[in-house]
Amino acid sequence: MPDANIRLPEEAKDRLAAIAAAEGLSLRAYLARLSETLLTPAERAERAEKARAALQEWNGYAPTAAEQRDLDSELDRRLAQVAAR
């Protein structure tokens with residue numbers, strides 16, 4: 001696989017290199033592994049749609065767009081509450 005150069009702040013590079021070293025990896029190997037574990041927005045949306053379809057098929061769960069927004073808001077509220085601790 002050919003390499004690519006990216007520009008990022010020196011502090012970010014140093015931090016990522018330290019994290020990689022702590023895991024016994026080079027920065028190159030760490031970033032390659034990281035890229036394989038993160039999802040793009042399109043991949044996340046696809047997984048969410050598959051999960052919604054599976055839930056609907058399994059137990060009939062099919063929230064409306066308004067219910068989804070309410071549930072997202074409640075999740076955001078709870079995450080903010082935990083993060084504030």
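The structure is a predicted model, in which local features need pLDDT of at least 70 and side-chain atom pairs count only at pLDDT 80 or more, while totals for chains, interfaces and linings use all residues. Residues are numbered from 1 along each chain as its sequence is written, and side-chain values use heavy atoms, with hydrogens and water left out.

**Fold and overall shape**

- The protein chain holds four helices and zero strands, where helices (H or I, at least four residues) and strands (E, at least two) are DSSP runs numbered from the N terminus.
- Along the sequence, the pattern of the protein chain reads α-α-α-α.
- The protein chain is more spread out than a compact globule, because its radius of gyration is 19 Å, well over the 12 Å that the globule rule gives for 85 residues; this radius is taken over C-alpha atoms, and the rule is 2.2 Å times the number of residues to the power 0.38.
- Taken along the principal axes, a box of roughly 45 × 40 × 25 Å is filled by the C-alpha atoms of the protein chain.

**Surface**

- Of the 85 residues of the protein chain, 4% count as buried, which means under 20% relative accessible area, with exposed being over 50% and partly exposed in between (1.4 Å probe, protein chains only).

**Largest pocket**

- A pocket here is an open set of points on a 1 Å grid over the protein atoms alone, where a 1.4 Å probe fits, with protein on both sides within 12 Å along at least five of seven lines, and lining residues have an atom within 4 Å of a point.
- The lining of the largest pocket is made by 15 residues, of which Asp3, Ala4, Arg28, Leu31 and Ala32 lie nearest its centre.
- Helix H1 (10–22) and helix H2 (27–37) each supply at least two residues of this lining, and the largest share, six residues, comes from H2.

**Alanine positions**

- Ala21 is placed in helix H1 and counts as exposed at 52% relative accessibility.
- Ala62 lies in the loop between helix H3 (41–59) and helix H4 (65–83), and counts as partly exposed at 45% relative accessibility.
- From C-alpha to C-alpha, Ala21 and Ala62 are 45 Å apart in space and 41 residues apart in sequence, whereas Ala62 and Ala29 are 41 Å apart in space and 33 residues apart in sequence.
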